[in-house]
Amino acid sequence: MVGVCHRNEGALISGGFPDLGAPSFLLPPRIFEIEAVSADRNLPDVAFRRAILLIAKSAFAAAPHLQMQRLADLVTAFQPGTVVRFAFTEQGTPSLREALSALLDENLDGIVIVPLVLPMEPSFHIWLTKSLKRWKSSEERQWPALSIARDIASSALMMPLIRNLLETQEEIDVSLGRASIAEGSLVPPQKRRVLVCAGGACNSAGADVIWNHLRNQQERRKLRVTGDGTMTAKSTCLGPCNLAPVLQVFPEGTYYGGVNEEAVDRIITRHLLDGHVVEDFAYYPTGRKQRLRAPPKQN
Ligand code: FES
């Protein structure tokens, strides 16, 4: 079935999709652009393979990952034959880049990105377009046509959705009991901190891999209680996004860019435990824009 392009209409359009009572707000009008392209080319429907990529911002625990999986399953149920995946733009696995990369192997004609982000920053589209161009420039594989659905807040179904949510309200128990009395906290003695950037660019460049490796090594090498003691944390954007993936070591505040697992190992041995900056991956404030240097040659 070929859909009709209604991109200028703000109201819900369900033409081209079977009505299974599914949440059509996931599929705002611009999605139809791809089907219109199919019709223009006079291709049989079966020849046009597309994927829907649901994207959210962050997820730290298993439950929100499961929530995204359930949404993807729901979309699959009313879009049989369509590849449906999800990804995260900041913290969470898979990152947007990982999910896109996996889709490139699926021999698709089009990918529709559906941002499940509320509210959506005005810079989101600029960031997304820049990132996609950057990834594409470093790819040898053929890219399918990309399109993006409108943001959730612009959906004509927002009010019915909020009305529906209001019907699910439950009282919150705020009565004070013993469990609500604060117990107090220890102030950590560790002098070193490693911040691993989990902003959009770094997440897409593999921040999760860096974070997991660092946490594994922290445990294995007992970094919390060795030397000056090191604590680690994820952060939002640390600034030099074009040097992604980025981490910063305190108390010196040294920036490291283009970090990989080998770099993490060297930073642990040389910087965290011995106090010396690993110059191969270090970047200093110069007042000028900097690009990633070529990775150092292995011995
Ligand atoms: S996203 Fe990591 S430095 Fe900006």
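This is a predicted model: local features need pLDDT of at least 70, side-chain atom pairs count only at pLDDT 80 or more; totals for chains, interfaces and linings use all residues.
The protein contains eight helices and nine strands. Of its 299 residues, 29% are buried. Contacts between residues at least 6 apart in sequence were also examined, and 70% of these join residues at least 24 apart.

Four of the strands form an open sheet in the order S2-S1-S3-S4, with parallel pairing. Strand S2 (83-88) and S4 lie at the edges, each pairing on one side only. From one strand to the next, the twist averages 25°. In general, the strands of a sheet pair through backbone hydrogen bonds, and this pairing may be parallel or antiparallel.

The pairings can be followed across the sheet in turn. S1 and S2 run parallel and are joined by six bridges; within this pair, Leu53 has Arg85 of S2 as its bridge partner. Strand S1 (residues 50-56) also pairs with S3, again in the parallel sense and over six bridges. Here Ile52 stands opposite Val112 in S3. Between S3 and strand S4 (residues 145-148), the parallel pairing extends over four bridges, and Ile113 has Ile148 of S4 as its bridge partner. Strand S3 is largely enclosed by the rest of the structure, because five of its six residues are buried.

Helices accompany this sheet. Together with S3 and S4, helix H4 (residues 124-137) makes a right-handed β-α-β unit. Helix H3 lies across S1, S2 and S3, and runs at about 155° to S2.

Is Leu108 buried or partly exposed? A residue needs 20 or more C-beta neighbours within 10 Å to be buried; Leu108 has 18 inside that distance and therefore counts as partly exposed. Apart from its neighbours within four places in sequence, Leu108 is in contact with Arg49, Arg50, Ala51, Val83, Leu103 and Pro144. Leu108 and Ala145 are separated by 37 residues in sequence, while their C-alpha atoms are 8.6 Å apart in space.

In soluble globular proteins, nonpolar side chains tend to be buried together. The largest nonpolar core of the model has 28 residues, and the members that touch the most others are Val196, Val246 and Leu247. At least two residues of this core come from each of strand S5 (192-197), helix H6 (200-204), helix H7 (207-220), strand S7 (247-250), strand S8 (254-256) and helix H8 (261-272). Helix H8 gives the most, contributing five residues.

When neighbours within four places in sequence are left aside, Leu247 is in contact with Val194, Leu195, Val196, Cys197, Ile210, Tyr256 and Val259.

Key. Residues are numbered from 1 along each chain as its sequence is written. A nonpolar core is a set of buried Ala, Val, Leu, Ile, Met, Phe, Trp, Tyr and Cys residues joined through C-beta atoms within 7 Å. A residue is buried if 20 or more other C-beta atoms lie within 10 Å of its own, exposed if 12 or fewer, and partly exposed in between; C-beta atoms are placed from the backbone. Two residues are in contact if their C-beta atoms, placed from the backbone, lie within 7 Å. Two strands pair if DSSP finds at least two bridges between them. A crossover is right-handed if, with the strands pointing away from the viewer, the path from the first strand over the helix to the second runs clockwise. Axes are lines fitted to C-alpha atoms, for helices over the stretch in contact, and angles run from 0 to 180 degrees between N-to-C directions.
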